[in-house]
Amino acid sequence: AVATHLFGTGGSVMMTVMLFMAIVSTGSAEGIAVSSLCAYDIYRTYINPQADGKRILLVSKIVIVVFGALMGGLSVGLHAMGLNLGWVYQFMGT
């Protein structure tokens, strides 16, 4: 509301773009963290210690797709059960 009051419609657009960028950046960082952990700490350490860069990159890409699908399915399931951010805030006591 403040951005709209100060900058008009352009302020609303700026806030929307910044919010979108923050959410996408958070999701990207989470995906990269999970894929790196799985590819290097699990796959390369325990499954295939002689894995080369191409193989690790392939495992990383597969983990990103699987992790994204699982998190998407989880979010759809939680939404179907009626668990949303309102529930989270109520559960936290606010």
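Where is methionine 71 found? Methionine 71 sits in helix 3, residues 53–80 (helices are DSSP runs of H or I with at least four residues, numbered from the N terminus). This is a predicted model, where local features need pLDDT of at least 70, side-chain atom pairs count only at pLDDT 80 or more, and totals for chains, interfaces and linings use all residues. Residues are numbered from 1 along each chain as its sequence is written, and side-chain values use heavy atoms, leaving out hydrogens and water.

With 38% relative accessibility, methionine 71 counts as partly exposed (buried is under 20% relative accessible area, exposed over 50%, partly exposed in between, with a 1.4 Å probe and protein chains only).

Now for helix 2, residues 9–47: its 39 residues reach 54 Å from first C-alpha to last, close to the 57 Å expected at 1.5 Å a residue (the expected span is 1.5 Å times one less than the number of residues). Gly11, Gly31, Ser35, Ala39 and Tyr43 are buried in helix 2. The buried residues of helix 2 pack against helix 1 (2–7) and helix 3 (contact means heavy atoms within 4.5 Å).

On to the aromatics: searching the whole structure turns up one aromatic pair. The ring centres of tryptophan 87 and phenylalanine 91 are 5.2 Å apart and their planes are at 15°, so the pair is stacked (rings of Phe, Tyr and Trp, the last by its six-membered ring, pair with centres within 6.5 Å; planes under 30 degrees apart are stacked, over 60 edge-to-face, the rest tilted). Both belong to helix 4 (residues 85–92), four residues apart, so about one helical turn separates them. Tryptophan 87 is partly exposed at 38% relative accessibility, while phenylalanine 91 is exposed at 65%.

Technical notes:
Helices (H or I, at least four residues) and strands (E, at least two) are DSSP runs, numbered from the N terminus.
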